[in-house]
Amino acid sequence: MDYGAPGVAREGLGELERRVLMAIVHLRGQGYAISIADEIKQRFGKSLSLGAIYSTVDRLEKKRFVSSRLGEPTPERGGKPKRFYQIEALGQSALAEAREADRRLWAKGPPMGAPA
Amino acid sequence: MGKRSANGGARMKRVSIEPTTPLTTDQQTDEWARKLHVTDGDKYIRLWMRDGVERRQAVIVIKDGINLAEFSRKMRAVVSDGHTSIERIDEADRPFDPVPVVAQPNEREATRGGGALTPSIGEFIVCLFTPLERQGDRLADFAELFNSLWVPRFGARVAKLIYIVQALRSAAAVIRFAAVAAFADWIGRALGH
């Protein structure tokens with residue numbers, strides 16, 4: 001697997017990382033911890049704690065799959081800003097690679113035990 | 001003075017009512033006044049204020065007869081404290097008629113000097129498992145849920161409990177993820193990758 005950046009270690013995507021990454025993509029740069037959790041619940045029906053989101057985005061940021069920026073402070077947050085996450089080129093490559101791996105897996109018929 | 005409540009005046013508690021930013025529309029205030037049977041002759045209004053499952057009494061004293069604007073200001077100050085309904089109790093023969101109150105979170109914050117009413121122990125738990133540079137925005141995430149979801153839905157006291165439980169749940173997730181990552185690193189090193 002080549003993510004196209006020199007000096008970057010090969011890193012795969014875990015299931016949760018993939019879901020968080022997809023939520024970040026769908027939120028188009030407006031995703032922060034709470035909206036990411038909402039998006040995952042809406043799309044995958046899985047309720048995650050904020051701690052799970054934080055751990056995952058930290059790991060994705062460390063792998064340079066996502067980057068973050070601080071937004072404007074809002075009153076309901078006690079005057080503190082939101083930290084918005086956006087996908088980076090490495091993250092897009094990793095997501096495309098994961099999708100391709102899925103496609104290859106299903107192209108030869110459903111995995112054992114999976115519905116046809 | 002009005003009629004004495006059947007609920008007993010001995011437990012009556014006066015609360016400090018300070019001017020605050022507007023919480024509700026004039027139309028809502030008029031509706032509260034109507035539902036609470038406020039008239040020109042009233043010298044005080046005694047209330048049950050409910051907050052989730054708990055309730056406490058409050059008194060609005062009206063020195064020179066009722067003035068709707070003044071009533072509105074005092075009511076806003078009283079209900080801004082996270083109460084979900086109010087009920088007038090100084091009319092013993094009046095049937096039970098609670099008035100639902102929905103205060104906006106930012107307005108409630110304003111009554112507390114701009115700070116969210118988040119529980120310190122919950123914030124401590126969040127800080128304990130968060131890197132220093134991320135503590136500000138992560139505390140703010142919890143504050144947002146607290147102010148915009150838990151308090152309006154469950155009241156301030158229950159919301160504080162939910163905050164603490166969610167902080168513990170998040171801390172457990174952080175520990176679990178860190179443990180799994182450390183184990184994966186160890187396996188990777190042990191297998192020579």
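The model is predicted, so I kept local features to pLDDT of at least 70 and side-chain atom pairs to pLDDT 80 or more, while totals for chains, interfaces and linings use all residues. Residues are numbered from 1 along each chain as its sequence is written, and chains are lettered from A and ligands numbered from 1 in the order in which they are written.

Interface first. I found 18 residues of chain A and 24 residues of chain B in the contact. On the chain B side, α3 (105-111), α5 (135-154) and α6 (156-190) each supply at least two residues. α5(B) gives the most, ten residues. I sorted the chain B side into ten nonpolar, eight polar and six charged residues (Ala, Val, Leu, Ile, Met, Phe, Trp, Tyr, Cys and Pro count as nonpolar; Asp, Glu, Lys and Arg as charged; the others, Gly among them, as polar).

Next, chain A. I read four helices and two strands, in the order α-α-α-β-β-α from the N terminus. These are DSSP runs, H or I of at least four residues for helices and E of at least two for strands, numbered from the N terminus. Of the 116 residues in chain A, 31% are buried (20 or more other C-beta atoms within 10 Å of a residue's own, C-beta atoms being placed from the backbone).

Last, a helix pair. The axes of α2 (residues 33-44) and α3 (residues 50-62) of chain A come within 10 Å and cross at roughly 105°. α2(A) and α3(A) are therefore roughly perpendicular (65 to 115 degrees). I fitted the axes as lines to C-alpha atoms over the stretch in contact, with angles from 0 to 180 degrees between N-to-C directions. A:A33, A:I36 and A:A37 of α2(A) meet A:L50, A:I53 and A:Y54 of α3(A). The residues of this contact are six nonpolar, no polar and no charged.

Terms used. Buried ≥ 20, exposed ≤ 12 C-beta atoms within 10 Å, placed from the backbone. Contact = placed C-beta atoms within 7 Å. Parallel < 35°, antiparallel > 145°, perpendicular 65-115°, else oblique.
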